[in-house]
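I opened the model to look up a few things about its cores, strands and helices. My notes follow in the order in which I checked them.

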Amino acid sequence: MQTITNTTTRYGWATIVLHWLIGIIFIGQFTLGFVMVRTQSQRTAFELIQLHKSLGFLLLGLIILRIAWRLGNAAPPLPPSVGALERRSAPLAHLALYVFQLALPLSGWALVSVSTLEIPSMPFNLFVMPNLSLPESDAAESFWASAHWYLAYAGIALVALHVCAALRHHFLLRDSVLTRMITPSSTGE
Amino acid sequence: MRARILGLAAAAACLAMPVNAAVVLGDATGSYTISQAGSAIRFTIGKAGGGGFDGAFARFKGTIRIDNNDVGRSKVDLTIYPESVGTGQGRIDAFLRSDAVFDATNSPEIQFRSTSVSRTGDTTALVTGRLTARGKTFPEKFTADLDGLKGGTIKFHVTGKVLRSRYGMDVGTPLYSNVVDFDMTLTGRRG
């Protein structure tokens, strides 16, 4: 039980599970988004888009939970071996990752809300998710479609940077930055 | 005084209606060609969370044969061209025409052939028949209400519900209802 929450020396299971779950769904959503707009069959495309919306709403819920958890929990500091530049840039990169995690599902929600197609959202066919109260128009739809597209590519670039940094910590710097996000038994030292 | 006038009016209406209907049906016997002018085939599909979307078919053809001596031998044939579907939203029209829904290229016609007609009232009838869409045929029922008969022109208001899933058009359920509500005005011209 004690390993659920974070301490000043390690991450707990809640943080670890949320991190990887969101990471996997986030990359899956990028791939799904890329594929669904290139699918020839209109039926398959429609179904993939509905799945993308369902996963997007799930992601939004998980991210809100994660931000709340992050704000209410201590985060272990970086190992002492990490240099000054990284010490300053890492929190900024992480802040940017949080911004994208929120902005992507929200921009998708805005897109379906303003779309003149008026297709309802029903995450996993469980309930009807209301639209954001934004006026619908073709212009607003193309604006949010572009915003969602740019955010997706910028977000996935940031994720790639994040993955490279983690791999660098593990294989080049040989510190615990990656392993402490895999299991709580890996402490900061 | 007012009550007496109302009563009189009601009695007059009761007397007038069956007579009127009898005249109408007596005159109706014959064959009619459904004309697109004066006719409309509209449909509505309910949407999760309320509302729905409406559409209409712009092109169709058909015949109505009314046999007043034996109403059961009356017949309705209707062919709808799904390529002509219109909802007011071009992207939805393209989706409906595609193989996601009508597959209009490979199945250019939706056909209804009545198998029986039974009177349900002075001006109403239940029309049972076989509906064929995308190569699948199922029995369907429609309610026809005689809306007018003037000269050689006859007009019916036809309503009915069709389950789209049976015709391989279940895409989008349960976001969009499986029930398609038809609301048609069919105007036939004699001959």
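I started at Val101(B) and skipped its neighbours within four places in sequence; the contacts left are Phe95(B), Leu96(B), Met169(B) and Val171(B). I count two residues as in contact if their C-beta atoms, placed from the backbone, lie within 7 Å. Val101(B) is listed among the residues with the most contacts inside the largest nonpolar core, which has 34 residues. Also listed there are Ile64(B), Leu78(B), Ile80(B), Val127(B), Ala144(B) and Val158(B). Another core, of six residues, lies apart from that one and includes Trp109(A), Ala110(A), Leu111(A) and Val114(A). For a nonpolar core I take a set of buried Ala, Val, Leu, Ile, Met, Phe, Trp, Tyr and Cys residues joined through C-beta atoms within 7 Å. A residue is buried if 20 or more other C-beta atoms lie within 10 Å of its own, exposed if 12 or fewer, and partly exposed in between, with C-beta atoms placed from the backbone.

Before going on I noted the conventions. This is a predicted model, in which local features need pLDDT of at least 70 and side-chain atom pairs count only at pLDDT 80 or more, while totals for chains, interfaces and linings use all residues. Residues are numbered from 1 along each chain as its sequence is written, and chains are lettered from A and ligands numbered from 1 in the order in which they are written.

Next I looked at Val162(B), which is found in strand E9 of chain B. Is Val162(B) buried or exposed? Val162(B) is buried, because 21 other C-beta atoms lie within 10 Å. Outside four places in sequence, its contacts are Leu131(B), Glu140(B), Val180(B) and Phe182(B). I also checked Pro139(B): it is 23 residues from Val162(B) in sequence, and their C-alpha atoms are 9.7 Å apart.

I then followed the strands of chain B. Helices (H or I, at least four residues) and strands (E, at least two) are DSSP runs, numbered from the N terminus. Strands pair if DSSP finds at least two bridges between them. E7(B) (residues 124–133) and E8(B) (residues 136–150) are antiparallel and share ten bridges, with Ala125(B) opposite Ala144(B). Their hairpin has two residues between the strands, and Arg134(B) in the turn has a positive phi of about 50 degrees. E8(B) is joined to E9(B) (residues 153–163) by seven bridges, again antiparallel. Leu149(B) faces Ile154(B) across this pair. Here too the hairpin has two residues between the strands, and Gly151(B) has a positive phi near 60 degrees.

For chain A I found four helices and zero strands. Its buried residues make up 19% of 189. H1(A) (residues 13–36) has 24 residues and reaches 33 Å between its end C-alpha atoms, close to the 34 Å expected. The expected span is 1.5 Å times one less than the number of residues.

The buried residues of H1(A) are Thr15(A), Phe26(A), Gln29(A) and Gly33(A); what covers them includes H2 (42–72) and H4 (138–172) of chain A. Those of H2(A) include Phe46(A), Lys53(A) and Ile63(A), and the buried residues of H2(A) pack against H1 and H3 (84–114) of chain A.

Last, I looked up the contact between the chains, which takes eleven residues from chain A and 14 residues from chain B.
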